[in-house]
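Subject: Structure handover

Hello,

My notes on it follow.

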Amino acid sequence: MSSILHRVPGNKLPMATGGAGVWLQDAEGRRYLDASGGAAVSVLGHGHPRVIEAIKRQAENLAYAHTAFFANEPSEALAAFITERAPRGFGKVFFSSGGSEAVETALKLARQYHVARGDLTRTNFIARRQSYHGATLGALSVGGHTARRGPYEPLLAPCRFIPPCYAYRNLADGETLEEYGLRAANALEEEILQVGPDTVAAFIAEPVVGATLGAVPPAPGYLKRIREICDRYGVLFIADEVMCGMGRTGRLFAVDHDEVSPDIICVAKGLAGGYQPLGATVLSNRVYDAVTRDGGRFEHGHTYIGHAIACAAGLAVQQTISDDGLLDEVARKGPLLKRLLQDRLQPLGVVGDIRGRGFLIGVELVEDIATRRPFPASAKLNGLIKSAAMARGLIVYPGGGSVDGVNGDHILLAPPYIVSEQEMEEIVDRLASAIEACLPARVA
Ligand code: PLP
């Protein structure tokens, strides 16, 4: 009997005991192909010797020294590594222990930026529906994930929501993707005008929407237009790259694909690839300068920020990605995995859309391909597929509510960057078998 409050109490989970490469193993010796890197975390897979060695070395030297008293070498080195490769004008990093903390940090930085400039009325945030930015109350307040907001709704800070940029479901007849991208972005301007331009602190969005929509990249021109609108009204643009950043899309930062420079970027998951809990908020000089002008300081902190072992792990992960040319591998193999999925899954007759960038790929399942009608939420199809996949030794990340927060099923794939082509074929075979096994749910 476990003493842990598990996510689903009473659910008997296999005990993970080991991992090597893209495989995880449980106490009974069963092996699982980790096709989603957990929740898009394990960028180098499991048991990577270079990262393990870096963690050991750092633990022997220095595990922890509080950042109110000391700087430490791994956090300085990792911050320099990140800022050297971030979009131009991003010169500072604030480390934390995960994605939610990285987002909290960004929200507070945005507010402090405006306070420092005397713009005291800027208290509103605008975000998008069907998004996720974290579980803590601030991050949850700006998240458009209906189920996760659920019981906490009365506790959440006010936030305005615009629709996501989600071409599969919102492209109008005869509209080009570029036209749609502009139309979707213009919703931000309408919202800013409605709430009052002088009251808006920041707009937050995932450049490629992760788990909530299932790997949806922006339409061409969408983020550029978002940038223009933010500039016009003095609103900061926070890019939440917790899931899509650190190489997951084939570039280190997802916004690099769209040639857009936000004001603040949040990263986590792939930063240390699950070897240590680590998040980071990357600041543009514009934000840093405003907050620190005239002796100002950022009124924020956690006990474990800049943790030496966590940063040493992050540095080893990032150096490995760079030295082993893994960004190019993701850019090359992502489209290949998509093609394999298309060939193998389309014949099942329930795949409405396969999308994504690099190794962040979503498969949206529909009951009727012509009308895009989703399966009834009561069928819980995505959850059934998760279980069927696990029974076949495959880990995928299921999601529901893609259509409207309640209806819609998708499966997210986010394999480690080191996955081989043979393993990708294995992923696709096992996933096809799992989906097929669940299709009686259509008539449930
Ligand atoms: N932002 C995005 C885009 C995420 O996908 C997540 C987690 O899935 C978070 C923030 C929160 O990160 P964490 O779970 O590490 O707190």
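Which residue stands opposite Leu412 in S15? Tyr397 does.

Some ground rules. This is a predicted model, where local features need pLDDT of at least 70, side-chain atom pairs count only at pLDDT 80 or more, and totals for chains, interfaces and linings use all residues. Residues are numbered from 1 along each chain as its sequence is written, and side-chain values use heavy atoms, with hydrogens and water left out. Helices (H or I, at least four residues) and strands (E, at least two) are DSSP runs, numbered from the N terminus. Two strands pair if DSSP finds at least two bridges between them.

Angles here run from 0 to 180 degrees between N-to-C directions, and axes are lines fitted to C-alpha atoms, for helices over the stretch in contact.

Here are the pairings one by one. S11 and S12 run antiparallel and are joined by 6 bridges. Gly356 stands opposite Ile361 in S12. S12 (residues 360-365) and S15 are joined by 5 bridges and run antiparallel. There, Leu365 stands opposite Asp409 in S15. S14 (residues 397-400) is joined to S15 by 4 bridges, also antiparallel.

How many of the 5 residues of S15 are buried? For strand S15 (residues 409-413), the count is 5 of the 5, so the strand is largely enclosed by the rest of the structure. Buried means under 20% relative accessible area, exposed means over 50%, and partly exposed lies in between (1.4 Å probe, protein chains only). Both faces of S15 are covered. Asp409, Ile411 and Leu413 lie on one side, and His410 and Leu412 on the other.

Val363 is worth a click. Val363 sits in strand S12. Its relative accessibility is 0%, so Val363 counts as buried. Leaving aside neighbours within four places in sequence, Val363 is in contact with residues including Asp409, His410 and Ile411. Contact means heavy atoms within 4.5 Å. Leu341, Leu345, Val351, Asp353 and Ile354 are also among the contacts of Val363. Leu341 is 22 residues from Val363 in sequence, and the two are 8.5 Å apart in space, C-alpha to C-alpha.

**A mixed sheet**

Another open sheet has 4 strands in the order S1-S2-S3-S13, and its pairing is mixed. The edge strands are S1 (16-20) and S13 (394-395), each pairing on one side only. S2 (residues 23-26) and S3 (residues 31-34) run antiparallel, joined by 3 bridges. Trp23 has Leu33 as its bridge partner in S3.

**S7 and S8**

S7 (residues 200-205) pairs with S8 in the parallel sense over 4 bridges. Ala202 stands opposite Leu236 in S8. In strand S8 (residues 236-240), 5 of the 5 residues are buried, so S8 is largely enclosed by the rest of the structure. Both faces of S8 are covered, with Leu236, Ile238 and Asp240 on one side and Phe237 and Ala239 on the other.

**H14 against H15**

Two packed helices are described by the angle between their axes and the distance between the axes. For H14 (residues 381-391) and H15 (residues 421-438), the axes come within 8 Å and cross at roughly 130 degrees. H14 and H15 are therefore oblique to each other.

On the H14 side, Leu381, Leu384, Ile385, Ala388 and Ala389 meet Leu431, Ala434, Ile435 and Cys438 in H15. The residues of this contact divide into 9 nonpolar, no polar and no charged. Ala, Val, Leu, Ile, Met, Phe, Trp, Tyr, Cys and Pro count as nonpolar; Asp, Glu, Lys and Arg as charged; the others, Gly among them, as polar.

**Two positive phi values**

Most residues other than glycine have a negative phi. Gln130 has a positive phi, near 50 degrees. Gln130 is in the loop between S5 (124-128) and H5 (137-141). At 8% relative accessibility, Gln130 counts as buried.

Asp294 has a positive phi too, near 55 degrees. Asp294 is in the loop between H11 (285-292) and H12 (308-323). Asp294 is exposed, with a relative accessible area of 79%.

Best wishes

Conventions: Parallel < 35°, antiparallel > 145°, perpendicular 65-115°, else oblique.
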